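This report looks at one residue and its surroundings, and then at the pockets of the structure shown here.

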Amino acid sequence: MSSGARTDIEAVQAANTALYDAIERGDLEAMADSWMDDRVSVVHPGWPVLNGRAEVLRSYALIMAGTEYIQFILTDVEVSVSGDTALVTCTENILSGGPREEDGSTGPLVGGVVAATNVFRRTHGGEWKVWAHHSSPIIVEEEDAEDSTGPDGPIEPPGPDDPLPPAPA
């Protein structure tokens, strides 16, 4: 891998981290600065596709206004760069909380796991900005989390070289 490719990957990783850090801080201005100026889109878990900078930023403003606390622990982060476009896939392990209790203590906390794809574009100034974000919830049933064994032993998720299952009829 060339040093230029390494530098691009590191720059995209930094831009991706900056996006999540801004959301965690509730910093709408910094979050908005992470996005391209036009033709952007977002899909939040359970939401329809939102297109355009105004709609995307409004969605984050609504999320931030209704969330007292949020923390993202990113795992399985993969970055690939091709020219001026980069793809980041990751698992967002999210801990969030609603409004504070009457006594001022933190409200109830809720955890969730989300598969996310972030697409970045390099600007004319050389900065990496988010072009699209898509996230989908990962459903983990409690029984599966406690007992992940099958008749032939532990159940492992498919690997990148495993064949795809047959398509439904």
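Predicted model: local features only at pLDDT ≥ 70, side-chain atom pairs only at ≥ 80, totals over all residues.

## Terms and model

H133 is found in strand β6, which covers residues 128-137. With a relative accessible area of 6%, H133 is buried, because that value falls under the 20% cut-off.

The side chain of H133 is joined to the side chain of S135 by a polar contact of 3.4 Å. Leaving aside neighbours within four places in sequence, H133 is also in contact with a number of residues, among them Y20, W35, Y60, E92 and N118.

## The largest pocket

The largest pocket has a volume of about 370 Å³. Its lining is made of 21 residues, of which P45, I63, I70, F72 and I94 are the closest to the centre. Two or more lining residues are given by each of α1 (3-25), α3 (53-65), β3 (69-82), β4 (85-97), β5 (109-122) and β6, and the largest share, five residues, comes from β5.

Sorted by class, this lining of the largest pocket holds 13 nonpolar, seven polar and one charged residues.

## The second largest pocket

The second largest pocket, with a volume of about 170 Å³, is lined by W35, M36, D37, D38, D84, R121, R122, T123, H124 and K129. By class, the lining of the second largest pocket divides into two nonpolar, two polar and six charged residues.

Terms used. Residues numbered from 1 in each chain as written. Heavy atoms only, no water. Helix = DSSP H or I, 4+ residues; strand = E, 2+ residues; numbered from the N terminus. Buried < 20%, exposed > 50% of the residue type's maximum accessible area, 1.4 Å probe, protein only. Polar contact = N/O pair within 3.5 Å; in protein donor to acceptor, adjacent residues only side chain to side chain. Contact = heavy atoms within 4.5 Å. 1 Å grid on protein atoms, 1.4 Å probe; cavity = no way out; pocket = protein on both sides within 12 Å on 5 of 7 lines; lining within 4 Å. Points joined across faces, edges and corners; volume = space filled by probe spheres on them. Nonpolar A, V, L, I, M, F, W, Y, C, P; charged D, E, K, R; others polar.
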